[in-house]
Amino acid sequence: MYNISHIGIARVFFSVLLLLTTNFATSQSLTEAIRLNQLGFYPNASKVAVVVNDSGGLDRREIFQLVTPDRKQVVFSGKLSEPKQNLISGKTTRLADFSIYQRTGVYVLLIPGFGYSYPFEIRQNVYRALAIGALKGFYYQRASTDLPVQYAAKWNRLSGHPDTRILIHPSAASSDRPAGTVIASPKGWYDAGDYNKYIVNSGITTATLLALYEDFPAYFKSFDTAIPETGNAIPDLLDEVLWNLRWMLTMQDPADGGVYHKLTNARFDGMVMPDKATQDRYVVQKSITATLDFAAVLAQASRVFRNYNRALPGLADSCQTAAVNAWKWAQQNPNAVYKQNEMNVQFDPDVVTGGYEDRDSSDEWLWAASELYVTTKDDAYYAAVKLKSDEKMPLPSWNQVRSLGYYTLARFSGALTPLGRKDSELVKERIVAFANELIQGTDKQAFGTVMGKSARDYIWGSSAVAANQGIALIQAYQLTKDAKYLRFALGNLDYLLGRNAIGYSFVTGFGHKSVMHPHHRPSVADGITEPVPGLLSGGPNGNAPKQDKCAGYTATSADEMFLDDSCSYASNEIAINWNAPLVYLAAAIEALQVKQTVEINKLMK
Ligand code: 9MR
């Protein structure tokens, strides 16, 4: 009956041996299939790793372990979740939840017979260096200044773009400033991987950093980024903002209050260092979106810098005047939409740099009105727009700024006039309803994050979708103190730092596998292996191959459509409007951890 031949026995024997040795070998090797926040976790917060089953081998596994980096000591064992299907790619994942383990230290996550992860930390303040680094990213983007070694370490460089000789483009000509007039418009941050400076994108960027300050002022009393201004009477966050604000002020035509859409070359520079980029630069036509975004930011800045009147005498007043004048211009020029192609038909030279075109300015009106109203307490601004025209609470982006107005109205709900106060509850309800919508269905998402529930999240600059969702969740947390919002905000930070379908940390210089070749001129041209640190890559973009035509995309699903190659400007550029929400998310989470340890305790499920 049990007549097994010698050959049969030998075969079984060798199969078992093979299985054992295979298990042994793979359990000893690093695998990129385990995706987690590569920086680590707070002791008392949620801790989740996602294991992708792209190359199989996960099906028979049940157990995961937390082990010391030498893998000699198992400190915790847990059970992998049931498989989850990724609705975007069809692939499966399993989750390893070790939230319950709270001891500080450095660990790796190991799945016996499958492999182990990069090491990560469990400790307090685990994202503070990231928050500081991401704000420092703005210092590296400064135009019109040297970055000396003292502040910029090996990424030190010469000044580029003094921007003291800017030409009025024929599209921007006025009686006071005919075409070819020279104005000075120095400072500001370079927009992205290119060296131009665009008001629309500066608007949401600067506002996000100012909002971070308004939400957590105490946290920024000791938050040094090692910039030339460190140690002065102003927090480094606001010193950084000032670098851009001073440029923005120069973009307003003093004759009428209108704001030029952008300061730009006619065409993009080559991949050279800033001091080698010496094309003529222009300011182009004034636009309604640039002028309203400017009005919003300057009204907000006036509020913030009012607290620093002694250090910056007159600045708050100048900002308010600039905002009011911009608003007046907008009222007189509501149809001044920026249309680059039409402009190029009419005027020379043709300008082919970033368009930031947006035909619908209703959200810019709402945002500017909200900021001016909160700053001046003048009901006329509130009454000028329909603040509650419909139920929508769109996620903020450079061309959709409505919710920035709602955040401000909610933040200052206790200090409004009766006119605004009567709508306060409704505004708050909308923010919370939006956060609930974001959270809904996340348990079914293959990575357990709000980011990526829909393939539509993977647009140009998807990393900012994740970060802005995080901000929306933090706004809801501020209004409700319900810790679930913070937990999901943290989940989106996990996404950015490695818990995602391609296993990259999208922040240069942070994480074991972070992007190395962003589309960023200084990072390409400086001859330094490591890219300039603290910059957020745009991230997966379903349409990237069509948009940048970079060779080498192999992915078939939107959540993986990414190339760590500098040619891929549609998936791997960096940009200030993506970095600002990263700064917000990392710093806000840190501030809440410091300020409200009790609250963050509730981050445990
Ligand atoms: O972030 C912008 C994205 O939403 C647009 O789809 C894209 C194409 O118009 O442009 C992006 O912005 C770029 C800008 O036009 C020029 N500087 C680099 C920006 C980031 O890629």
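The structure is a predicted model, in which local features need pLDDT of at least 70 and side-chain atom pairs count only at pLDDT 80 or more, while totals for chains, interfaces and linings use all residues. Residues are numbered from 1 along each chain as its sequence is written, and side-chain values use heavy atoms, with hydrogens and water left out.

**Ligand site**

- The ligand is surrounded by Asp 191, Ala 192, Asp 194, Tyr 198, Gly 354, Tyr 356, Trp 398, Trp 460, Glu 573 and Trp 578; a residue counts as near if one of its heavy atoms lies within 4 Å.
- This shell divides into six nonpolar, one polar and three charged residues. Ala, Val, Leu, Ile, Met, Phe, Trp, Tyr, Cys and Pro count as nonpolar, Asp, Glu, Lys and Arg as charged, and the others, Gly among them, as polar.
- Polar side-chain atoms lie 2.9 Å from a ligand oxygen atom in Trp 398 and 3.3 Å from a ligand oxygen atom in Tyr 356.
- For Glu 573, an N or O atom of the side chain is 3.0 Å from an oxygen atom of the ligand. A polar contact is a pair of N or O atoms within 3.5 Å.
- On its own the ligand has 450 Å² of accessible area, of which the protein covers 76% (Shrake-Rupley method, 1.4 Å probe).
- The ligand takes the space of the largest pocket. A pocket is an open set of points on a 1 Å grid over the protein atoms alone, where a 1.4 Å probe fits, with protein on both sides within 12 Å along at least five of seven lines; a molecule sits in a pocket if more than half of its atoms lie within 2 Å of its grid points.

**Sheets**

- Strands are DSSP runs of E with at least two residues, helices are runs of H or I with at least four, and both are numbered from the N terminus. Two strands pair if DSSP finds at least two bridges between them.
- Five strands form an open sheet with mixed pairing, in the order E12-E11-E15-E14-E13. Its edges are E12 (182-183) and E13 (197-198); each has a single partner strand, so one side of each is left without a neighbour in the sheet.
- E13 runs antiparallel to E14 (residues 262-264) and is joined to it by two bridges. Lys 197 has Leu 263 of E14 as its bridge partner.
- An open sheet of four strands, in the order E1-E3-E7-E6, has antiparallel pairing. E1 (34-35) and E6 (84-85) are its edge strands, each pairing on one side only.
- Two bridges join E6 to the antiparallel E7 (residues 92-97), where Thr 92 stands opposite Gln 85.

- Most residues other than glycine have a negative phi, and most peptide bonds are trans.
- The peptide bond from Asp 348 to Pro 349 is cis, with omega near -5°. Pro 349 is in the loop between helix H8 (340-346) and helix H9 (362-376).
- Arg 71 is not a glycine, yet has a positive phi of about 65°. Arg 71 lies in the loop between E4 (63-67) and E5 (74-79), a hairpin with six residues between the strands.
- Five bridges join the antiparallel E4 and E5, and Phe 64 stands opposite Gly 78 in E5.

Terms used:
A polar contact is a pair of N or O atoms within 3.5 Å; within protein, one must be able to donate a hydrogen and the other to accept it, and residues adjacent in sequence count only if both atoms are side-chain atoms. On a 1 Å grid over the protein atoms alone, a cavity is a set of points where a 1.4 Å probe fits but cannot get out, and a pocket is an open set with protein on both sides within 12 Å along at least five of seven lines; lining residues have an atom within 4 Å of a point.
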